[in-house]
Amino acid sequence: MYPHERSLVKRLADKPFALIGVNSDTDKEKLKKRMAEERITWRSFWNGPKGTDGPISKAWNVRGWPTIYVLDHKGVIRFKDVREQQMDEAVDQLLKEMEGGKK
Amino acid sequence: MTHTRAAVAALLVVAAAVAADDKPKSPAERLEAIKKEQKDAEAAYFKATRSVGEGPDAQKKYEELYKAFDKGQADRFAAAVEIAKADPKSDAGFGALEWVLTIPRAYYQPAGKAALELTAEHHAASPKVGKIVAWAGAILRDETSNPAGQALLKAVAEKNPDKAVRGQAHLAFATQAKVKADRAEYQKAANADKLAGEAERAFEAILKDYGDSPRLIRENSGTIGELAKQELFELRNLRIGKVAPDIEGEDLDGAKFKLSDYRGKVVVIDFWGDW
């Protein structure tokens, strides 16, 4: 998971793209160590001290981890639970739409 | 004096143990023994998998270990079902059915089918069957996957006099409708929106009719209404084509930010954890 996300973030560094996490670990200090180890540089919301019972995942009815949503530049949900190659394709398609001037 | 008492006590313990070995176990005792065997077998299986390592035939070893464990548990589930068959309405008989039907793996083995059929036949109208129905509903998310399970859910919905128990069955049907809708969305099927509408109506109905009923899958799992509201929120706001709801929160350094800060960019939202 992390290697693919690292490479996606790196590849699209100059594009209007953002990878935003919602993290449900409860030990923040341990998490920060792990993020340094795994070179996780993208921003994450913290789901709070209740971990997987926290407010953000609850609001989005998240039942399994990881859960993925891909939004276009207007904030519209366009893909769900795409990973690896499929995630790349989804993001590239939406970036192309932006560049193509699709309103 | 103490010495003698201790010796007598020891003799009595041995005598009791010998006597217990001679006496046939009651169904309840046999069920407890099966449950304990399962627990021990699980612990042994997990311990064994942890020492497989990463050699070239690791995968084969994992498969062998699982195969052996799975055969053992199939036998244990079958033994429990035999206790239920002998006297389905007894406490031990019901206990055996409840034990088997709160283990997901059992549903995919012959003993699971037998347990579902016995429960439908003897306990569809029992106030005690709520937990079984809740588990069956959580496991049988595809309405076509398990005819015996579907028959139990239908029998309970029709016959059970207890509102909360009926609620578990109706929750199962609503969940199945949503799973159908989610699958259609994933497959970009033409009827995806229609199925989403059906799922929405199913959850609206259970919110209205069973909103205050507790979920019986485990202790303190909230009400049917609370779950229905979450599923309705997802069906109404998190489908493909909807503008995503905003998220307001803090990052891992405590700085406040919003999802809508990133409007104008393509965004991947990744619900994750490092465990």
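This is a predicted model: local features need pLDDT of at least 70, side-chain atom pairs count only at pLDDT 80 or more; totals for chains, interfaces and linings use all residues.
Residues are numbered from 1 along each chain as its sequence is written, chains are lettered from A and ligands numbered from 1 in the order in which they are written, and side-chain values use heavy atoms, with hydrogens and water left out.

**Where the chains meet**

- On the chain B side 44 residues touch 54 residues of chain A, with contact meaning heavy atoms within 4.5 Å.
- Together the two chains bury about 4600 Å², and 59% of that sits on carbon and sulfur atoms. Buried area here is the accessible area (1.4 Å probe) that two parts lose on being put together, summed over both.
- In chain B, the residues losing the most area to chain A are B:Leu252, B:Phe271 and B:Trp272, which together make up 21% of what that side buries.

**Salt bridges**

- Side chains of opposite charge can pair when their charged atoms come close. The rule used here asks for a side-chain nitrogen of Lys or Arg within 4 Å of a carboxyl oxygen of Asp or Glu.
- Over all chains the count is 34 salt bridges, and between chain B and chain A it is five.
- A:Arg34 pairs with B:Asp274, with the closest N and O atoms 2.6 Å apart. That pair runs from helix 2 (residues 28-37) of chain A to the segment after strand 3 (266-272) of chain B.
- B:Asp251 and A:Arg43 also form a salt bridge through their side chains, at 3.0 Å, N to O.

**Chain A on its own**

- Chain A has four helices and four strands, both taken as DSSP runs numbered from the N terminus (helices are H or I, at least four residues; strands are E, at least two).
- Along the sequence, the pattern is α-β-α-β-α-β-β-α.
- The C-alpha atoms of chain A fill a box of roughly 45 × 30 × 20 Å along the principal axes.
- Look out for a cis peptide bond from A:Trp65 to A:Pro66, with omega near -5°. A:Pro66 lies in the loop between helix 3 (55-59) and strand 3 (67-71) of chain A.
- A:Asp81 is not a glycine, yet has a positive phi of about 50°. A:Asp81 sits in the loop between strand 4 (77-80) and helix 4 (84-99) of chain A.

**Helix packing in chain B**

- Helix 2 (residues 27-50) and helix 3 (residues 58-86) of chain B pack at about 170°, with axes 10 Å apart. Axes are lines fitted to C-alpha atoms, for helices over the stretch in contact, and angles run from 0 to 180 degrees between N-to-C directions.
- Helices 2 and 3 of chain B are therefore roughly antiparallel (under 35 degrees is roughly parallel, over 145 roughly antiparallel, 65 to 115 roughly perpendicular, the rest oblique).
- Helix 6 (residues 130-139) and helix 7 (residues 147-159) of chain B have axes that come within 10 Å and cross at roughly 135°, so this pair is oblique.
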